[in-house]
Amino acid sequence: MARPKLHDFRRIVVKVGSSLLIDSGAGEVRATWLAALAADIAELHRDGRDVMIVSSGSIALGRSRLKLPRGALKLEESQAAAAVGQIALARTWSEVLGHHGIGAGQILVTLQDTEERRRYLNARSTIAKLLEWRAVPVINENDTVATNEIRYGDNDRLAARVATMASADLLILLSDIDGLYTAPPGSNPDAKLIPVVDSVTAEIEAMAGAAGSELSRGGMRTKIEAAKIATSAGTHMLIASGKIEHPLKAIAGGGPCSWFLTPANPVTARKRWIAGSLEPKGTLTIDAGAVTALRAGKSLLPAGVIRVDGQFARGDAVIVRGPDTHEIGRGLVAYDADDADRIKGRSSPDVMSILGISGRAEMIHRDDLVVGTAPA
């Protein structure tokens, strides 16, 4: 497959590691570098693209603000340092993006937020709303509460999960190296940059070795793991150097990097997962008008539901059947079974008075719905 171009993509996640963002000696943000990156992000934003940032740096900034000594930190010390650093990190991103008239929204996630469907849908909805408002979500692992047993430990894989959760079509990992090499370039002068990886094979994984930066928790191996997560969900990924100023502009100009390609796209990959990989926990029977609306690409509203069967929780997969009981499709439901039964057949404005909360307008959002072909 040919090497893509940056302007081909509409929704982009940019991952920034601690070793790029923070001057380890001074314990402060690399202000000039970050300003240049923010200018690159602003240019993408002005062109109408959705941009999300996965940013490390909270623990490093917290250490600096608290004047902690060098060396390994205990878990509770890391968590406390992150609590201080998260405020500083959020303010930093807010200021550099605000300089370009762009709002920033902080989202702190844990492993469970991307693995448990209910929390996954909550995080996905928050990201979607920020993008709708043309704000830039700035996402980081919530190091203040994550323990060693329930954390990612590196933001490469976290960025890949965020990219798939947000249906991004491109993930950019800014690194201290400009891509994947046939061998570690620091020790092998014959190592060559691989510009395009069509699929992550065992040979590609072997090339990653254990090479990586000493300043960050993620190395090339975690980047290859991120590539496997992203490309399997329909998201292209690239690794490029972040040690230069205006790294995104360099990528757009054809600068050196490694592209990891996927044959799918985020929407079809996600819908394939919904249709074939999840066990349905219940059934929604809908009226003829709702069937027509779903086949036209609309979401399923409570008003179109005439019957609710099964015990399911918000985020579970359910089967959608027409009034003749034929299966129309499958999707991730936005309400628990009991609440779905209470609001079936009712208009969206009635949901708040019935449930006592504003709730969501859709029973199943069209992005979470797979509709089969109509019978001949």
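Leu108 stands opposite Asn140 of strand β6 in this predicted model, in which local features require pLDDT of at least 70 and side-chain atom pairs count only at pLDDT 80 or more, whereas totals for chains, interfaces and linings use all residues. Residues are numbered from 1 along each chain as its sequence is written, and side-chain values rest on heavy atoms, with hydrogens and water left out.

Strand β5 (residues 104-109) runs parallel to β6 and is joined to it by six bridges, two strands being taken as paired if DSSP finds at least two bridges between them; strands (E, at least two residues) and helices (H or I, at least four) are DSSP runs numbered from the N terminus. Strand β4 (residues 50-55) also pairs with β6 in the parallel sense, over two bridges, and Val54 has Ile139 as its bridge partner in β6. Six of the six residues of β6 (residues 136-141) are buried, so this strand is largely enclosed by the rest of the structure; buried denotes under 20% relative accessible area, exposed over 50% and partly exposed in between, with a 1.4 Å probe and protein chains only. Both faces of β6 are covered, with Val136, Val138 and Asn140 buried on one side and Pro137, Ile139 and Glu141 buried on the other.

A further sheet, open and of five strands, has the order β12-β11-β13-β14-β15 with mixed pairing. Its edge strands, β12 (305-310) and β15 (369-371), each pair on one side only. Strand β14 (residues 327-332) runs antiparallel to β15, the two being joined by three bridges, and the bridge partner of Arg330 in β15 is Val370.

Aromatic rings of Phe, Tyr and Trp (its six-membered ring) were paired if their centres lie within 6.5 Å, with planes under 30 degrees apart counted as stacked, over 60 as edge-to-face and the rest as tilted. By this rule the count comes to one aromatic pair. The ring centres of Phe9 and Trp259 lie 5.7 Å apart and their planes stand at 20°, so the pair is stacked. This pair links distant parts of the chain, 250 residues apart, with Phe9 in the segment before β1 (11-16) and Trp259 in strand β10 (residues 257-260). Both Phe9 and Trp259 are buried.

The lining of the second largest pocket draws its largest share, six residues, from α6, while α6 (117-132) and α11 (266-276) each supply at least two residues.
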